[in-house]
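Please look over the sequence and the structure shown below before reading on. The notes that follow begin with a term and then go through the structure by topic.

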Amino acid sequence: MTDKNNLEKINFAQLPIAKNEDVEFSEELADEADRQAARRAAAADQRNEISHESD
């Protein structure tokens, strides 16, 4: 595990920012981690929709 001091030396501002990227998902090439990530993303989208309905 990386300790806190090492993380403080990293310039995270130089990392690319990705928002709402359209990524093609291939069920045939997906492993369990990919499928879990897809389920989590779908659940997050659903929570977001529900929270915006109550606004």
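A residue is called buried when its relative accessible area is under 20%, exposed when it is over 50%, and partly exposed in between (1.4 Å probe, protein chains only). This is a predicted model, in which local features need pLDDT of at least 70 and side-chain atom pairs count only at pLDDT 80 or more, while totals for chains, interfaces and linings use all residues. Residues are numbered from 1 along each chain as its sequence is written, and side-chain values use heavy atoms, with hydrogens and water left out.

**Overall build**

- The protein chain has two helices and zero strands, where helices (H or I, at least four residues) and strands (E, at least two) are DSSP runs numbered from the N terminus.
- Of the 55 residues in the protein chain, 2% are buried.

**Salt bridges**

- A salt bridge is a side-chain nitrogen of Lys or Arg within 4 Å of a carboxyl oxygen of Asp or Glu, and a search of the whole structure finds three of them.
- Arg 35 pairs with Glu 27, their closest N and O atoms being 3.6 Å apart; Arg 35 is partly exposed, at 28% relative accessible area, and Glu 27 is partly exposed as well, at 47%.
- Glu 32 also forms a salt bridge with Arg 35, with closest N and O atoms 3.6 Å apart, and both lie in helix α2, three residues apart, which is about one turn of the helix.
- Glu 32, partly exposed at 45% relative accessibility, meets Arg 39 in a salt bridge of 2.9 Å, N to O.
- Through shared partners, salt bridges join Glu 27, Glu 32, Arg 35 and Arg 39 into one network.
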